[in-house]
Each structure stands twice: as C-alpha cells, then as structure tokens.
Amino acid sequence: MSQTDKPDIIPPSPSASEYDTDPAGKPLIPDTSDPIGLFKEWMAAAREAELNDSNAMSLATVGPDGMPDVRIVLLKEVTEAGFVFFTNLESAKGQQLTETPKAALGFHWKSQRRQVRVRGTVTPVSEEESDEYFATRAAQSRISAIASDQSRPLTDRAEFEQRVAELSEIFGDGPDIPRPEFWGGFRVTPLEIEFWQDQAFRMHDRLKFVREGDGWTSGRLYP
C-alpha cells in the first residue's frame, strides 16, 4: 500500500474514554449582546494558550471566475468597526477583494477548542492607518514586502533574494523604509459572527449574531 493510500493518517473519532471527563465540563458560550467584546475575550485567552499565531485567521474570497479562494492571514486590529489585516494590494486576495468586496473569516484555536466565523463586507483602510502599521514592522519585513510581487510567478528564488539584498543595501535597518503604494490594509465589517465551543460527544455550543441596524440579534444553533 502506498503512503497516499494508507487509511491511518486521519485520526479516528474520539472514544468515550477519550472525551474530557471533567464533571464541570466546558463552559457554554455566555449570552451577551456584545459579540466584539466576546471575541476580544476569546482572543485574549487564545493569546495565552496558543503555541504561535493566535491571531491567524482563514480569509475566504471569491475570484473573478466565481470560485472561492482561501488562505491564512494575520488579524492586526479588531474594533466595533471590524477586523483589519494587511497585504499586498496587487496580490490575488487584494485583487479579489477589490473586485468583490465581501469576505469570510475563520478563527480556530485548538488549545481552547473554539472557533469563530465572520462574514461581512470589505473596505480599504486609510493610507494613514496603513502607514502607521507598516512603520511598526521589522525593517527586513518591510523590505520583503517591497521586494515581493506577491502571488505572481517567480522564476527563481534567487531573484527574490537578490531584490531583498539590493533593497537592504539601500535602506539598511533604519526606520525610514517607505510603505509602497501597492501595500495596505482591508477592514472586514461583520454582518454575521458565529461562536463555536467544543463540547463532549459532539454536543457543541454555537451562538450566532446577525447585525441589525446599530446592534445585533443572536440565537443558538444546533451543532
């Protein structure tokens, strides 16, 4: 049997003995009218427990052919206005979001056995916001952003490394590395936010919020 045909690469479903036997169980999602506040609480807990990149999120977009596309990006800000991330605006996701300004986000914190799903509309952040965040990045990260034609074909890795080396010679490690015009941020304004908390024997807890005017309506869903 080839490696690709082996059936044991996927973990089996948990047995009764493998489920958490804590009599208190895992807490249910609290009733609240403030989903952004709840998200911040969950993010803070994840930051303490996740091994790395607690702010990682799946970003789903739609291409010009109508096909969905998804990748992992890093959340950099969350407020009542929405969820912010930064990228090369000429990348695949940048072009897709410009053409179809709608997106879905997915957070999965394995250490907490929690998920959050977000669906909403997308707008670019201001140039001032992009400048402010870009200035906080390490010098080499800024240089890499300038050197990269993100999502476009790369003939040879050495070509990219040469660009980085040349820009490093120009800018060094100083603070005055300018943000390129093709790099900036997007804000996902949520229309729906769903929280998911693992429970034993697949009796998971789900709480969904839907934006209504300036507030939210909420209700629980079957797992």
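This is a predicted model: local features need pLDDT of at least 70, side-chain atom pairs count only at pLDDT 80 or more; totals for chains, interfaces and linings use all residues.

Colleague: Let's start with the rings. How many aromatic pairs are there by the rule?

Modeller: The count comes to 12 aromatic pairs. Take Phe 39 and Phe 83, with ring centres 5.1 Å apart and planes at 85 degrees.

Colleague: Why is the pair of Phe 39 and Phe 83 called edge-to-face?

Modeller: Two checks. Ring centres have to lie within 6.5 Å for a pair, and the centres of Phe 39 and Phe 83 are 5.1 Å apart. Planes over 60 degrees apart count as edge-to-face; the planes here are at 85 degrees, so the pair is edge-to-face.

Colleague: What makes it a link between distant parts of the chain?

Modeller: Phe 39 belongs to helix α1 (residues 35-49) and Phe 83 to strand β4 (residues 82-88), 44 residues apart. Both Phe 39 and Phe 83 are buried.

Colleague: And why is the pair of Phe 83 and Phe 107 called tilted?

Modeller: The centres of Phe 83 and Phe 107 are 6.2 Å apart, and the limit for a pair is 6.5 Å. Stacked needs planes under 30 degrees apart and edge-to-face needs over 60, with the rest called tilted. At 40 degrees, the planes of Phe 83 and Phe 107 make the pair tilted. Phe 107 sits in strand β5 (residues 102-109) and Phe 83 in β4, so this pair ties together parts 24 residues apart in sequence. Phe 107 is buried too, like Phe 83.

Colleague: Which residues do the ring pairs link into a cluster?

Modeller: Phe 39, Phe 83, Phe 107 and Trp 109.

Colleague: How do you know that the charged end of Arg 114 sits over the ring of Trp 42?

Modeller: For an Arg, CZ has to be within 6 Å of the ring centre, and within 35 degrees of the ring normal. The charged end of Arg 114 is 4.3 Å from the centre of the Trp 42 ring, and the pair is listed as sitting over the ring.

Colleague: Now the nonpolar cores. Which residues have the most contacts inside the largest one?

Modeller: That core has 29 residues, and the ones with the most contacts inside it are Phe 39, Phe 83, Phe 107, Val 116 and Phe 195. Elements giving two or more residues to it include α1, β1 (56-62), β4 and β5. The most comes from α1, with six residues.

Colleague: What other core lies apart from it?

Modeller: One of 14 residues, among them Val 84, Phe 86, Phe 160 and Trp 183. As background, nonpolar side chains in soluble globular proteins tend to be buried together.

Colleague: What makes the link between the side chains of Arg 206 and Glu 194 a polar contact?

Modeller: The distance limit is 3.5 Å, between N or O atoms that can donate and accept a hydrogen. The side chains of Arg 206 and Glu 194 are joined at 2.7 Å. Outside its sequence neighbours within four places, Arg 206 is also in contact with residues including Arg 117, Trp 196 and Tyr 222.

Colleague: How do you know that β1 and β2 pair?

Modeller: At least two bridges are needed, and seven bridges join β1 to β2 (residues 68-74), running antiparallel. Thr 61 stands opposite Asp 69 in β2. Five residues lie between the strands of this hairpin, where Gly 66 takes a positive phi near 85 degrees.

Colleague: Which residue other than glycine has a positive phi near 60 degrees?

Modeller: Phe 201, in the loop between β7 and β8. Arg 202 is in that loop as well, with a positive phi of about 65 degrees although it is not a glycine.

How values were computed: Residues are numbered from 1 along each chain as its sequence is written. Side-chain values use heavy atoms; hydrogens and water are left out. Rings of Phe, Tyr and Trp (its six-membered ring) pair if their centres lie within 6.5 Å; planes under 30 degrees apart count as stacked, over 60 as edge-to-face and the rest as tilted. Helices (H or I, at least four residues) and strands (E, at least two) are DSSP runs, numbered from the N terminus. Buried means under 20% relative accessible area, exposed over 50%, partly exposed in between (1.4 Å probe, protein chains only). A nonpolar core is a set of buried Ala, Val, Leu, Ile, Met, Phe, Trp, Tyr and Cys residues joined through side-chain atoms within 4.5 Å. Contact means heavy atoms within 4.5 Å.
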